[in-house]
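Thanks for coming. Please have the model up on your screen.

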Amino acid sequence: MRKTLIASGLVLASVSAVQANAQPTMSNFSYDYTEARIGISPLTYGAGFSTSIHPNAHITGSIDTEFESDWDATLGVGFHAPVNNWADITGELKARSAKNKSALKSSSGKFGVEVNLGVRQWLGPQLEVGGTIGHINIDDFEEVTGSVYGRFHATELFSVGVTGRFNELYGDQVMLSTRFKF
């Protein structure tokens with residue numbers, strides 16, 4: 001019985017691999033960008049970047065602050081895999097450094113990790129939507145987080161977006177961003 005299951009699995013994998021080679025999919029998303037953003041309620045300022053290191057992997061980083069002796073900085077590695085020509089599945093593993101009196105209940109910086117999974121989808125030639133769900137663990141702060149966003153690509157190199165973030169270090173927040181592709 002075990003040999004039959006293994007053989008069936010190999011046949012299915014072979015068929016899937018042949019089909020993938022016959023019809024390659026490209027998602028048409030860029031993972032090479034810099035970003036400037038402003039958070040609303042509480043008011044935060046931030047910047048971020050992403051750069052490809054492999055056809056299906058990227059390095060990402062960001063920093064946000066209220067300019068009140070606080071910060072929320074991340075640096076990590078992510079993957080992206082096309083579902084079809086209009087959608088990607090993404091995931092990231094990030095190291096996180098934060099100093100936030102209200103969330104961390106400490107006046108010193110703390111280190112932790114974040115892991116998330118998400119999806120990006122084109123709704124039209126210039127409109128992208130997506131979302132993530134993740135987990136943050138920094139010292140005693142442990143939360144399941146999420147975000148949803150919409151991004152309008154005004155040109156091939158410039159886009160503007162709005163993001164709703166939930167259960168983050170600064171609480172629930174709306175972020176307005178501009179992104180520059182390089």
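**Buried charges and the spaces around them**

Glutamate 128 counts as buried, with 0% relative accessibility; buried means under 20% relative accessible area, exposed over 50%, and partly exposed in between, using a 1.4 Å probe and protein chains only. Before I go on, the ground rules: this is a predicted model, in which local features need pLDDT of at least 70 and side-chain atom pairs count only at pLDDT 80 or more, while totals for chains, interfaces and linings use all residues. Residues are numbered from 1 along each chain as its sequence is written, and side-chain values use heavy atoms, with hydrogens and water left out.

Which residue does glutamate 128 pair with in a salt bridge? The partner is arginine 120, and the closest N and O atoms are 2.8 Å apart. A salt bridge here is a side-chain nitrogen of Lys or Arg within 4 Å of a carboxyl oxygen of Asp or Glu. Arginine 120 is buried too, at a relative accessible area of 8%.

Now the chain as a whole. It has 182 residues, and 38% of them count as buried. The secondary structure comes to two helices and 10 strands, where helices (H or I, at least four residues) and strands (E, at least two) are DSSP runs numbered from the N terminus. In sequence order the pattern reads α-β-β-β-β-β-α-β-β-β-β-β. Taking contacts with a separation of 6 or more, 42% are between residues 24 or more positions apart; contact means heavy atoms within 4.5 Å.

Back to the salt bridges. How many does a search of the whole structure find? It finds 13. One of them joins lysine 94 to glutamate 92, with the closest N and O atoms 3.3 Å apart. Lysine 94 has 13% relative accessibility and so counts as buried; glutamate 92, at 18%, counts as buried as well.

Another salt bridge runs from arginine 96 to glutamate 168, at 2.7 Å between the closest N and O atoms. Arginine 96 sits in strand 5, residues 87–99, and glutamate 168 in strand 9, so the pair ties together parts that are 72 residues apart in sequence. Both of these residues are buried. They also belong to a network of salt bridges that links Glu35, Arg37, Asp64, Asp72, Arg96, Glu114, Arg151, Arg165, Glu168 and Arg179.

Leaving aside neighbours within four places in sequence, the contacts of arginine 37 include Tyr45, Asp64, Arg165 and Met175.

Arg165 turns up again beside aspartate 172, which touches Ser41, Arg165, Phe166 and Asn167, not counting residues up to four places away in sequence. Aspartate 172 is in strand 10. A polar atom of its side chain lies 3.0 Å from the backbone nitrogen of asparagine 167.

Next, the spaces. On a 1 Å grid over the protein atoms alone, a cavity is a set of points where a 1.4 Å probe fits but cannot get out; a pocket is an open set with protein on both sides within 12 Å along at least five of seven lines; lining residues have an atom within 4 Å of a point. Grid points are joined across faces, edges and corners, and a volume is the space filled by probe spheres set on the points.

How many cavities of 30 Å³ or more are there? The search of the whole structure gives one. The largest cavity has a volume of about 790 Å³. Its lining has 37 residues, and Glu92, Lys94, Thr132, Ser147 and Arg179 lie nearest its centre. By class, that lining has seven nonpolar, 17 polar and 13 charged residues. For these classes, Ala, Val, Leu, Ile, Met, Phe, Trp, Tyr, Cys and Pro are nonpolar, Asp, Glu, Lys and Arg are charged, and the others, Gly among them, are polar.

The largest pocket holds about 240 Å³ of space. Of its 19 lining residues, Ser30, Trp122, His153, Glu156 and Lys181 lie nearest the centre. Strands 6 (110–122), 9 (158–168) and 10 (171–181) each give two or more residues to this lining, and strand 10 gives the most, with three. The pocket lining divides into eight nonpolar, six polar and five charged residues.

Terms used:
A polar contact is a pair of N or O atoms within 3.5 Å; within protein, one must be able to donate a hydrogen and the other to accept it, and residues adjacent in sequence count only if both atoms are side-chain atoms.
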